[in-house]
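Open your viewer and keep the sequence panel beside it. We will go from stop to stop, selecting a few residues at a time.

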Amino acid sequence: MDNITHSLTGWALAETGLKRRTRKGLAACVLAANMPDIDVFFGWAPWAPLAMHRGFTHGLVGGVLVMPPLLAGLLWLLDRWQVKRGATFASGLEMRPWWLLTLCYLGALTHPLLDLQNTYAVQLLSPTSTRWFHTDGLFIVSPWLLAMLGGGIFLAWRKTKAGAAFPGKAAIAGLAGVVLFIGANIGISQMAGAALRKAPPHAHPDRVFASPGPLAFWQREVVWRENGALGYGRYDPLADPGVLRKVQAPEPDNMARPEVRRAIEASAELRDFLDWSQMPFARISREGCIETVTVGDGRYARGGFADGFRVEVDLPVSEGRCSGR
């Protein structure tokens, strides 16, 4: 998910009343909700689980267990430094380290749970496993979530200004709406997968992704892999909950072709791409004495190539196969 959504989730969590448990409670919730994305600065790291976006820092070990105490420690040190400099705090709250740690854990937990909802997926078991997990419950930027979270925070702020006894009810309602919205969308994606198997094309896929739309959240772009081929279709439960529409005949992914194997051996960039890609497919073209292998990811291109989600590798053709010689 985008970092605005992560930030609003942490903020809404704080507005339920948790931010009053300790000084720097709001900072703990918001920063912890974004903390796993620190991996974007470590793409150079020699340790693959850390270099992989949505790998170690998004997993149950790195993101949920290891990193929250580090953030809590930094916030506590910042607070000690401010106190020594004679700072005063408008909140009037005490620093309660155990509550600070608890809020860091709660905020951090929201991050992989949200990222789990879209087709980019998360390596929840990193570093012990590179398996990707996804539920296909949300588009990567959901205006519906932004509205629910932002509305809950705004109403909680207004009630606080008005002196309400328990202003956090609005934030709780916003978070409850988010949970219900996600649950309903996971159900729709499960229905799309069932339609793929039970109605034409009666597929038996080894992998399925059903991506929700940003506004029409009930619709799905479905891509599946079966016997080394990728198929595409669209699902709309309001039109017909039992079938896929606009089904595109499966096309070979070509990943087993010798040209693709050569490209993988020759290109570290392509190997890194395939570590991330979950629905890779290849197209091979030739011009003169050069073969170009282009590899994309079927989640983000309906049979074509999306910018930012493809890698091209040029391979020299052997002299005996080179045209014009």
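Which residues have the most contacts inside the largest nonpolar core? Select Cys 104, Leu 138 and Leu 145: these have the most contacts in a core of 29 residues. A nonpolar core here is a set of buried Ala, Val, Leu, Ile, Met, Phe, Trp, Tyr and Cys residues joined through side-chain atoms within 4.5 Å. Buried means under 20% relative accessible area, exposed over 50%, and partly exposed in between (1.4 Å probe, protein chains only).

Before moving on, note that this is a predicted model, in which local features need pLDDT of at least 70 and side-chain atom pairs count only at pLDDT 80 or more, while totals for chains, interfaces and linings use all residues. Residues are numbered from 1 along each chain as its sequence is written, and side-chain values use heavy atoms, with hydrogens and water left out.

**Stop 1**

Helices (H or I, at least four residues) and strands (E, at least two) are DSSP runs, numbered from the N terminus. Helix 5 gives the most to this core, with six residues.

Now centre on Leu 145. Leaving aside its neighbours within four places in sequence, Leu 145 is in contact with Met 1, Thr 5, Leu 114, Leu 138, Val 178 and Phe 181; contact means heavy atoms within 4.5 Å.

**Stop 2: helix 2 against helix 5**

Select residues 25-34 (helix 2) and 97-115 (helix 5): their axes come within 7 Å and cross at roughly 30 degrees. Axes are lines fitted to C-alpha atoms, for helices over the stretch in contact, and angles run from 0 to 180 degrees between N-to-C directions. On the helix 2 side, the residues that meet helix 5 include Ala 28, Cys 29 and Ala 32, and the helix 5 side includes Leu 103, Cys 104 and Gly 107. By class, this contact has eight nonpolar, five polar and no charged residues. For these classes, Ala, Val, Leu, Ile, Met, Phe, Trp, Tyr, Cys and Pro count as nonpolar, Asp, Glu, Lys and Arg as charged, and the others, Gly among them, as polar.

**Stop 3: a buried aspartate**

Pick Asp 79, in helix 4. Is Asp 79 buried or exposed? Asp 79 counts as buried because its relative accessibility is 0%. Beyond its neighbours within four places in sequence, Asp 79 is in contact with Arg 23, Lys 24, Phe 89 and Met 95.

**Stop 4**

Next comes an open sheet with strand order 1-2-3-4 and antiparallel pairing. Two strands pair if DSSP finds at least two bridges between them. Strand 1 (207-212) and strand 4 (245-252) are the edge strands, each pairing on one side only. The twist from one strand to the next averages 15 degrees. Highlight Val 208 and Trp 224, the latter in strand 2, to see a bridge pair. Helix 7 lies across strand 1, strand 2 and strand 3 (229-235), at about 45 degrees to strand 2.

**Stop 5**

Eight bridges join strand 5 (residues 280-287) to strand 6 (residues 290-297). In their hairpin, which has two residues between the strands, Gly 288 takes a positive phi near 65 degrees.

**Stop 6: backbone details**

Most residues other than glycine have a negative phi, and most peptide bonds are trans. Select Ser 126 and Pro 127, joined by a cis peptide bond with omega of about 10 degrees. The bond from Pro 200 to Pro 201 is cis as well, with omega near 15 degrees. Finish on Arg 54, whose phi is positive at about 70 degrees although it is not a glycine.
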